[in-house]
Amino acid sequence: MSKFAKTMLSWIILFPILTTSILIVIDYFRGTPIEITSYLPNLLGFATGGILVGFVAYNAQKLQEENKK
């Protein structure tokens, strides 16, 4: 798998799932009722942000590799 695919998949899939699960755990300990549908906007928002951050992170890695040469 290419570096671009690894970087983008981690930021589009892993980051939103981890952050949304942290939000669910925090709400669980607060005692608020947990409905999965209420966390869907958070998941989609983090995925959208992950697209932007993943693209920037990939290009930053690429620039660092070019500067080392």
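**Entry 1: the model.** I'm working from a predicted model, so everything below is computed from it.

**Entry 2: the helix pair.** I looked up how α1 and α2 sit against each other. Helix α1 covers residues 3-30 and helix α2 covers residues 40-68. They pack at an angle of about 145 degrees, and their axes are 8 Å apart. I noted the handedness too: α1 and α2 make a right-handed crossing. Then I checked what the contact is made of. Between α1 and α2 I get 16 nonpolar residues, seven polar and two charged.

**Entry 3: salt bridges.** How many salt bridges does a search of the whole structure find? The search turns up two.

**Entry 4: Glu65 and Lys3.** Glu65 pairs with Lys3 in a salt bridge, with 2.3 Å between the closest N and O atoms. I looked up where the partners sit: Lys3 is in helix α1 and Glu65 in helix α2, 62 residues apart, so this pair links distant parts of the chain.

**Entry 5: Asp27 and Arg30.** The other bridge joins the side chains of Asp27 and Arg30, at 4.0 Å from N to O. Both residues lie in helix α1, three residues apart, or about one turn of the helix. I checked accessibility for each. Asp27 counts as buried because its relative accessibility is 17%, under the 20% cut-off. Arg30 counts as exposed because it comes out at 63%, over the 50% cut-off.

Technical notes: Residues numbered from 1 in each chain as written. Predicted model: local features only at pLDDT ≥ 70, side-chain atom pairs only at ≥ 80, totals over all residues. Heavy atoms only, no water. Axes fitted to C-alpha atoms, helices over the stretch in contact; angles between N-to-C directions. Helix = DSSP H or I, 4+ residues; strand = E, 2+ residues; numbered from the N terminus. Left-handed = near helix turned anticlockwise from the far one by under 90°. Nonpolar A, V, L, I, M, F, W, Y, C, P; charged D, E, K, R; others polar. Buried < 20%, exposed > 50% of the residue type's maximum accessible area, 1.4 Å probe, protein only.
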